[in-house]
Amino acid sequence: MMGFARINWFKYSSPQAFYPLAGRLIPWCAAAAMLLIGAGLYLGFFVAPTDFQQGQSYRIIFVHVPAAWMSMFLYVVMAIWAGLGLGLNARPSFMMAQAIAPTGALFTFLALVTGAMWGKPTWGAWWVWDARLTSELILLFLYGGVMLLRTSIDDSRRADRASAVFALVGVVNVPIIYFSVRWWNTLHQGASVSMTAAPKMAATMLMAMLVMTLGFWMYSLAVTLARMRCVILERERQASWDTPPSQQDALEVS
Amino acid sequence: MQWGSVSEFVAMGGYGLYVWTSFGVTAFGMLWEVFSLRRRHAAAREGARQSFQDR
């Protein structure tokens, strides 16, 4: 980590150079994720006060909101890599998009499940066909489509391009999710946090939510880098640059 | 701090089932992803080593 200033960043655009760099970054991201999620859980359960309307069930937002934010953010990042891949015809960019998709899908699934857990006691229903919930479900299908399209095409170059086009088209759904609570009369509540207005929640609640979000972000970085290393190994089978067996203990995925 | 006892904490004001299911599913999902990536990386490295030896 010390020699960061001397790094020639162009060198790392090749999979061969990216592989060991990712291996060195993963433990730091994982450690940051664990610290932040630990701190977020402490803030969420022991510092944040009880909500006067919802009682303790509101504490679900400390996983629900970070998961939902990450589900949208990761989709946009995936679409940017997909677009870069198409524009520059760059295989590493397609590989990044490939490495991000499953983590985005996981967070979308978690946002839906934790949302149901919150909806049942609060609204009396696990699920309603409300614009916010429906567009988030469509996001899960979009992630599924991006991944399925890749696995269903044998030629990796065509698979890259097809799933990248699909990912780019699907990105229109992200602003729909975000603004759904404003554009439609939804059962899902409006944004508690926005760029333009003061947050409508206690400072400690907001703090817990933001710390958890940062933790999920670091987690996403760690697992995406780890998956990128898998993808590199799987796709560059002629991997003569892979580490000799003697050094492999240093390359454990965390 | 709003918890008088451990059982009060577990009960979550009557919402324990919903709160702990949410946190449990999330923890399970994230840990599952980490472990499945460890397995996938081990398999990918084995595959890469074999194709290197074959040449």
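So, a polar contact here is a pair of N or O atoms within 3.5 Å; within protein, one must be able to donate a hydrogen and the other to accept it, and residues adjacent in sequence count only if both atoms are side-chain atoms. Between chain B and chain A, that gives 7 residue pairs in polar contact, both residues at pLDDT 80 or more.

Quick housekeeping. This is a predicted model, where local features need pLDDT of at least 70, side-chain atom pairs count only at pLDDT 80 or more, and totals for chains, interfaces and linings use all residues. Residues are numbered from 1 along each chain as its sequence is written, chains are lettered from A in the order in which they are written, and side-chain values use heavy atoms, with hydrogens and water left out.

In total, the contact (heavy atoms within 4.5 Å) takes 31 residues from chain B and 49 from chain A. The two chains bury about 3,600 Å² between them, 67% of it on carbon and sulfur atoms. Buried area is the accessible area, with a 1.4 Å probe, that two parts lose on being put together, summed over both.

Now salt bridges: a side-chain nitrogen of Lys or Arg within 4 Å of a carboxyl oxygen of Asp or Glu. The rule finds 2 across this interface, and one pairing is Arg227(A) with Glu33(B), at 2.7 Å, N to O.

Over all chains, the count comes to 6 salt bridges. Another one to look at is Glu236(A) with Arg91(A), at 2.3 Å, N to O. Glu236(A) sits in the segment after α7 of chain A and Arg91(A) in helix α3 of chain A, so this pair ties together parts 145 residues apart in sequence.

Key
Helix = DSSP H or I, 4+ residues; strand = E, 2+ residues; numbered from the N terminus.
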